[in-house]
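Please open the model in a viewer and keep the selection panel at hand. The stops below are meant to be followed in order.

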Amino acid sequence: MAQTSAELANTPSSIVDREAAVDVKTLSNGSREAGTSAWTPASWTTKPIKQDVIYNDREALSKALAKLERLPPIVTPTEICKLKRSLRDVALGKAFLLQGGDCAELFDYCESNMIESKIKLLLQMSLVLIYGAHKPVVRIARMAGQFAKPRSSPTEQHDGKTIPAFRGDNINGYDPVDRTPDPSRLVSAYFHSATTLNYIRASLGSGIADLHSPLDWELGHVKDEKIKIKYERIVDSIAESLRFMQTVGADSAASSLETVDLYTSHEGLLLEYEQSLTRRCKAPIHDILAHSEADADGKQWYNTSAHFLWIGDRTRQLDGAHVEYFRGIANPIGIKVGPSMTTAELISLLDIVNPNKEIGKVTLITRYGEDRIASLLAGHIRAVQKSGHMVIWQCDPMHGNTRATNQGIKTRHFSSILSEVNSALRIHKEEGSFLGGVHLELTGEAVTECVGGSEGLKDEDLNTNYTSYCDPRLNEKQALELAFLVAGFYRSG
């Protein structure tokens, strides 16, 4: 339920006393006095908020947030700034952005096999895209923090009773008896995120992405022989190139071929959690030299819960809490752009969150649907071009193409997903722009949640292995097939 911060402050079961939140948080972070118009990690609490969570146990919430404030960062400013440099290249057309992962992570997904399967899938897809686009690929996972999900309604019906909707593992449980928001889940979310990222780093450091032995990536889960053969041909081509480099002695920089960068991301929905992990840190020297956002002491505010965060389509109000929070962090950020976004609102949003027009600071994640993209994207592209902002245009072909089967099961058709990507590629080309990346909900598991693709899944197949607690995801075969098709677009000119 959407409530203003003033309304929340007067609610007995409010998530936190809003005035106290401003005073305490501002003082604990050593930032400017509360009540000024300057940005602080807590200034969002003075704004109206959508998709907020109301906790009954305010004392438990205060203890959880205090615990989070004491815990070390999950990611570092050096990593964040390295991603910013890579995203600048994407905005300039020198690289391509691949972002993907679960619709909503569960704590149970913090398990080695599931983490590895997503890493391998993203690496395989990026290899295909490099082959097709002849550009480096920047990889961002919807992992290590993508727990919370916005909902169209705060409640739902179950056995004739109205109960709170499932909002994500960091808020409440999927079991109907666990629907009361629990502050201890915030701390659990931190540790599951940190553990997931730790295993990602360890896997990459142990050679899971070593291009000298790409066949070690294990293709057994790719059942479709045609897709498997295409991938193996790409691997053979890269292996041949590597052997040539070794033969002529050009392999001195081989360490760069043994691992890759994989960054983490999530929707910045639960602002109390994000605020608690927002830290004032020394900016890396190359970032200070490249940009002027750092204060005189060389420090900036970083959200250290993830490398990249985005504002959802339901929380992008110009005067809202989420936009207020996002305007103050140094991280690269995304903004979901749906059919209801006007051109004037889009430019106002960009001016608020990126007043200095830093190249690649903002990724615009368009999510129109295959039937509406043709009437909306071109106008948004022209408005941004006229504004002088240099953004990354990223296509999310998932959220605008969700439908329900006759049995009420949510699904997406592979052909609709591919259609929106193809339309985005074509329209950008026609407008003198370019598509900088794709944003996909996917999993490395053999789920049956989206229909279509070379596997030919139909509505009646969905119950075979439908495991998502939220929105349907591409399985590993469908995701890899989509990468091949996008790569084919680039190779065909």
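The tour begins at a strand and then turns to aromatic rings.

This is a predicted model, in which local features need pLDDT of at least 70, side-chain atom pairs count only at pLDDT 80 or more, and totals for chains, interfaces and linings use all residues. Residues are numbered from 1 along each chain as its sequence is written, and side-chain values use heavy atoms, with hydrogens and water left out.

Select residues 96-101, strand 1. Helices (H or I, at least four residues) and strands (E, at least two) are DSSP runs, numbered from the N terminus. Because 6 of the 6 residues of strand 1 are buried, the strand is largely enclosed by the rest of the structure; buried means under 20% relative accessible area, exposed over 50%, and partly exposed in between (1.4 Å probe, protein chains only). Phe96, Leu98 and Gly100 point one way, and Leu97, Gln99 and Gly101 the other.

Which ring pairs with phenylalanine 96? Tyrosine 490 does, edge-to-face, at 5.9 Å centre to centre and 80° between the planes. Rings of Phe, Tyr and Trp (its six-membered ring) pair if their centres lie within 6.5 Å; planes under 30 degrees apart count as stacked, over 60 as edge-to-face and the rest as tilted. Because phenylalanine 96 lies in strand 1 and tyrosine 490 in helix 14 (residues 476-491), the pair ties together parts 394 residues apart in sequence.
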